[in-house]
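These entries record what I looked up in the structure shown below. I began with one residue and then turned to the contact between chains.

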Amino acid sequence: MARAIFGARASSVFLFDEETDELVFEAVAGEGADELVGRRFPSSTGVAGWVLVTRQPLVIDELESDPRFAREAAESTGFVPNGLMAVPLLHEERALGVLEVLDRPQQAAFTLEEMALLGLFANQAAIALDLLQAARGARAVLEDEGGEGAALARFWARLEDSPPERRVAAQRLLEAVETLLAPARLEDDSL
Amino acid sequence: MATQEPAPDASESLPAWSLPADAGARISIGVDWPERVTREWAWGGSTGEGMRVCILDSGVEPGHPKVGDLGGAIAVRVQDGETSIDEDAEGDLCGHGTACAGIVRSLAPGCTLHSVRVLGAGFKGSGLALLGGLRWAVEQGFDVINMSLSTTKRQFAELLHELADSAYFRRTVLVASAHNMPVESYPWRFSSVISVGSHEEPDPLTFYYNPNPPVEFFARGVGVEIAWLGGGTIRSSGNSFATPHMTGICALILAKHPELTPFQLKSVLYLTANNVGGGT
């Protein structure tokens, strides 16, 4: 969507992996997209790194004049971007990552207004991202624990993929199981 | 205008909490202000010589053609919640600090640049390094500290605020990047800090006073030739680069009028802003 708003050739979302101190290509849209997803690099390198560490948006023009950057970009995206605009994805107190929008052949440079617009968009993206990370974190915990955890994760995945009638039935089954597993307070109270 | 009087003895220069009737010498203003403050009066002929400017950032690549030599470089280390200060031999692994240093150098070629590394490789972004670095820099009594960064950690807001106020009263000017986005971040929001946003004009000495806070000034931040790692340059835009423009201008003014308090300096900036004094 960022690409559509700015008429960019490509855009990417980098997520900050705190544990490894890296930025990870999380989502890429546009030219040269697919091979990039999952690629990692140290969190303070490159323009994305600048934006992550300083929490400040940035625009870089004339990228082709940097031979290093140009070659890397060409190899990974299939084209050499002329310019890029990058904003941090900030949610509450954390920097979740960086959103980059690459290149516009028609116009010279990204303007301040566009930086502001991308910033607003990034705010929304960061909220969504935070929710996504929370959900993923929860699922990861379930999957890691093995035993009931893994079974629950599989159950959840099945539930997500099931048609509505099956989901309703599964829901009822779950409620029944919940009653079975509820602590035996009622028996004590009745004494 | 107040005239310059002979410097009073040491006891008179301590902070005064009141002003007795016979202590007029205590409030003598050390600078003769002209009828109209012009840019010529403010910084005409100044190169920033004698000013010590601190770049609080990702480090600075010494010897970069746009930067030249540094007066010193330290890095803040955080271990188990404790910060320590070490000589920085690594320079700038990220490039951002070097870019900012280059801009200050371009405006105030005669100033001495110091680097305090609090960002970049190895820093977890916890905010402790930023606090530790800023505290050290304020204690060192730098004339101007450039902060092209911000933190969103609310737990550090109060401490940062205290540091910023302390700097203000010790005549260390903090210049910080304002945030383009509607985010609660610091230290640019503090009134004791000169906060800087960008305008889109090409002249490095064009700056505007903003009567709608919290951003106080707009300086050149679009299409700036910045120092790039490896000795080159590249064109970039952002408040990160508007900030060192104001830092450089502050260094120019303070080099010519070192007695100015931050309040007076801000007044000079106001009076010489393009939308106030017409850029003259």
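I located B:Leu149 in the loop between β5 (144–147) and α4 (157–169) of chain B; helices (H or I, at least four residues) and strands (E, at least two) are DSSP runs, numbered from the N terminus. I noted that the model is predicted, that local features need pLDDT of at least 70 and side-chain atom pairs pLDDT 80 or more, and that totals for chains, interfaces and linings use all residues. Residues are numbered from 1 along each chain as its sequence is written, while chains are lettered from A and ligands numbered from 1 in the order in which they are written.

Is B:Leu149 buried or exposed? I classed B:Leu149 as buried because 26 other C-beta atoms lie within 10 Å; the cut-offs are 20 or more for buried, 12 or fewer for exposed, and partly exposed in between, with C-beta atoms placed from the backbone.

I then listed the contacts of B:Leu149, leaving out residues up to four places away in sequence: A:Thr54, A:Arg55, A:Gln56, B:Asp57, B:Leu119 and B:Ser177. Contact requires C-beta atoms, placed from the backbone, within 7 Å. For B:Ser177, 28 residues away along the chain, I recorded a C-alpha separation of 6.0 Å from B:Leu149.

Next I turned to the two chains: 26 residues of chain A are in contact with 35 residues of chain B. On the chain A side, α2 (46–54), β4 (58–61) and α4 (112–145) each give two or more residues, and α4(A) supplies the largest share, 5 residues.

Finally, I found β4(A) paired with β11 (residues 232–237) of chain B, antiparallel over 3 bridges; pairing requires at least two DSSP bridges. A:Asp61 stands opposite B:Arg235 in β11(B).
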